[in-house]
Amino acid sequence: MGSAFVVLSDLELNRTTEHILKLEDPNSLEDDMGVIVLNLSLVVKQCDFKRHRWSDRKQLSASKSSLIRNLRLSEFLKKNQLWNGIISITLLEGKNVSGGSMTEMFVQLKLGDQRYKSKTLCKSANPQWQEQFDFHYFSDRMGILDIEVWGKDSKKHEERLGTCKVDISALPLKQANCLELPLESCLGTLLMLVTLTPCAGVSVSDLCVCPLADPSERKQIAQRFSLRNSLKNMKDVGILQVKVLKAVDLLAADFSGKSDPFCLLELGNDRLQTHTIYKNLNPEWNKVFTFPVKDIHDVLEVTVFDEDGDKPPDFLGKVAIPLLSIRDGQTNCYVLKNKDLEQAFKGVIYLEMDLIYNPIKASIRTFTPREKRFVEDSRKLSKKILSRDVDRVKRLTMTVWNTVQFLTSCFRWESTLRSTVAFVQKWLSLETVEVLTFLVFLVTVWNFELYMIPLALSLLCVYNFIRPTMGKVGSIQDSQESTDVDEEKYEDDKESEKKGLIERIYMVQDIVSTVQNILEEIASFGERIKNTFNWTVPFLSFLACLILAVATITLYFIPLRYIILIWGINKFTKKFRNPYAIDNNELLDFLSRVPSDVQKVQYAELKPGSSQSPLRKKRSTL
């Protein structure tokens with residue numbers, strides 16, 4: 001990136017001076033390479049020392065030099081990626097904010113390279129955001145939080161309205177600080193709560209100093225998340241330890257037929273990475289990472305990249321592992337997938353994981369809003385994804401429509417009943433079946449009580465739990481096959497999609513993207529309800545059964561008017577009891593933890609040796 005030199009004879013003895021050196025590079029076409037600022041001090045060495053000349057260091061073997069570089073990088077990463085605090089920010093509201101000609105407003109928060117974006121609200125002098133964000137705090141870095149208020153006009157053009165800053169290092173620990181920050185460049189203030197809490201549980205180490213391998217430390221951690229501590233520090237749900245052992249048969253990303261792989265681990269917004277092993281397709285990292293678990297329904301994403309100098313790293317494979325699917329203490333071989341996690345990629349990675357968590361904290365956390373993700377590049381419009389979402393909504397609509405038609409035919413006596421009643425019809429005349437249906441309707445309505453609704457849903461959960469699991473495997477394979485069909489269907493016209501489709505709909509891209517997102521939300525919502533009763537995630541289905549059982553007992557013994565009265569008093573007095581409380585919908589928060597059919601395919605573990613999807617294997621045999 002440039003170089004410079006210093007003439008030692010120009011320095012004064014025993015005096016520190018500042019030098020601004022201009023960087024130069026004879027092989028570069030750029031005139032301005034930047035500068036480097038140094039504080040230099042020339043002193044006389046008082047004792048004998050051995051001087052290591054450049055020529056001596058050049059004689060190190062390539063393997064030893066690579067080992068030293070890897071160790072240095074490993075220590076550098078340990079020091080620079082471990083945070084020691086969590087900054088919880090609750091963005092409450094704006095007061096007398098001047099929006100000018102803007103029609104919409106949102107807030108961006110930035111701390112270092114961590115960025116959040118609030119939801120977009122219609123223009124108002126006192127916008128109510130009511131959102132919470134968590135930042136990682138590094139005590140050895142500048143803790144200046146930058147806050148920007150942005151506006152959008154009717155043409156979706158964005159303009160910065162005002163800014164303010166918060167010095168995090170000046171705030172007291174473990175205390176909710178209510179700040180009213182005046183905006184620069186425009187009128188108005190922002191009201192927010194800022195809390196700085198020390199964080200423990202994140203670490204990077206070698207295999208020889210594995211934290212959970214020490215029996216006394218493991219016992220101490222287990223006591224920390226025992227049932228008797230279920231009501232202490234509700235955000236501290238558990239701890240995850242990941243041993244990144246090695247990868248085998250990676251893709252060669254360099255012209256030399258080798259790669260420079262490193263591994264990135266992501267759990268929510270928490271990110272840690274290994275050092276780089278150069279010129280190797282079978283790297284052995286042998287590193288141990290620990291993460292604090294804030295939500296047991298998070299997914300650990302492990303991505304292997306190829307380091308490419310000052311260019312963005314090349315993708316070598318990825319795997320997604322839900323925390324609830326972890327098998328403690330077992331070394332598992334995971335087949336790497338592509339970026340979309342839908343197809344097998346080249347190579348496998350060996351991981352060993354341990355998870356310790358408190359089930360009561362995890363259950364309570366399920367009914368609270370999910371942690372917001374850092375701002376990333378917005379997903380581009382995709383013809384394949386749009387078509388897939390249309391098909392998902394179509395299947396969901398047809399299921400609802402068929403159910404409605406079935407119920408309608410029962411009342412109109414237009415069709416025969418299904419399942420057991422259809423079996424009885426073989427032995428009874430059509431008129432007898434219709435009379436039985438009418439009698440069942442009268443008995444049901446006459447004896448119906450409200451508690452029977454959660455009771456029926458509980459029985460549905462129990463039935464799906466007892467039913468053989470063949471349907472689950474088949475559903476995953478069907479989802480994989482539908483994904484493969486979409487992949488092959490649009491593989492041929494990928495170039496035309498890039499050149500033609502985007503150009504043709506450029507003017508309405510925002511509208512089409514919004515439609516795509518809405519379709520995905522609708523399809524995911526229906527699939528999550530179905531997967532709740534299908535025991536896709538046993539923890540969530542058991543929790544749903546428990547809640548439905550409690551609801552059944554409550555509705556059986558307590559009149560409905562009393563339940564509605566208690567619920568209403570709680571909602572109306574919530575702001576009086578806690579003025580800064582954030583409203584949430586517990587049902588939607590619960591469903592957000594249930595995976596959709598697409599996520600089921602992404603989280604499915606492929607068996608080593610199955611480099612093809614099930615559909616393509618069947619085609620190859622034909």
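Predicted model: local features only at pLDDT ≥ 70, side-chain atom pairs only at ≥ 80, totals over all residues.
**Entry 1: the whole chain**

I began with the surface: the accessible area of the protein chain comes to about 37900 Å², and 59% of it belongs to carbon and sulfur atoms. Next I looked up the make-up of the protein chain and found 16 helices and 20 strands. Of its 622 residues, 40% are buried. I also checked contacts with a separation of 6 or more, and residues 24 or more positions apart account for 67% of them.

**Entry 2: the annotated spans**

I turned to the record here. The unreviewed UniProt entry gives the annotation "transmembrane region" to residues 435–466 and 539–567. I looked at residues 539–567 in the model: the span is 93% helix and 0% strand. Its end C-alpha atoms lie 27 Å apart.

**Entry 3: a four-stranded sheet**

Which strands form the open sheet, and in what order? I read the order as β7-β3-β11-β10, with antiparallel pairing. β7 and β10 (177–182) stand at the edges with a single partner strand each, so one side of each has no neighbour in the sheet. From one strand to the next, the twist averages 25°.

I then followed the pairing of β7 with strand β3, which covers residues 85–95. Eight bridges join these two antiparallel strands. As a landmark I picked S88, which stands opposite D134 in β7.

**Entry 4: H136**

I stayed in β7, which spans residues 128–137 and holds H136. Is H136 buried or exposed? I found a relative accessible area of 7%, and buried means under 20%, so H136 counts as buried. Its side chain makes a polar contact with the side chain of D270, at 2.6 Å. Leaving out residues up to four places away in sequence, I listed what H136 touches: W83, G85, I86, L111, Q114, N269 and D270.

I moved on to strand β16, residues 284–293. Why is this strand largely enclosed by the rest of the structure? Eight of its ten residues are buried, so the rest of the structure largely encloses the strand.

I looked for its partners next. Strand β12 (residues 203–206) runs antiparallel to β16 and is joined to it by four bridges. There I found S203 opposite T290. Strand β13 (residues 238–248) also pairs with β16 in the antiparallel sense, over eight bridges. In that pairing, K243 stands opposite V288.

**Entry 5: C263**

I looked up C263 and found it in strand β14, which runs over residues 261–267. Its relative accessibility is 0%, so C263 counts as buried. Again leaving out residues up to four places away in sequence, C263 touches V244, L272, Q273, T274, W285, V302, T303, V304 and I349. I took a closer look at I349, which is 86 residues from C263 along the chain. The C-alpha atoms of C263 and I349 are separated by 9.9 Å.

**Entry 6: helix α4**

My last stop was helix α4, residues 359–366. Which of its residues are buried? I noted K361, A362, S363, R365 and T366. Where do these buried residues pack? They lie against β20 (344–357), α12 (538–557) and α14 (586–591). At the start of α4, I saw that a side-chain oxygen of N358 reaches to within 2.9 Å of the backbone nitrogen of I360.

Terms used:
Residues numbered from 1 in each chain as written. Heavy atoms only, no water. Buried < 20%, exposed > 50% of the residue type's maximum accessible area, 1.4 Å probe, protein only. Polar contact = N/O pair within 3.5 Å; in protein donor to acceptor, adjacent residues only side chain to side chain. Contact = heavy atoms within 4.5 Å. Areas by Shrake-Rupley, 256 points an atom, 1.4 Å probe, with all protein chains shown as cover. UniProt positions renumbered as here; feature names shortened; annotations may be inferred. Pairing = 2+ DSSP bridges. Axes fitted to C-alpha atoms, helices over the stretch in contact; angles between N-to-C directions.
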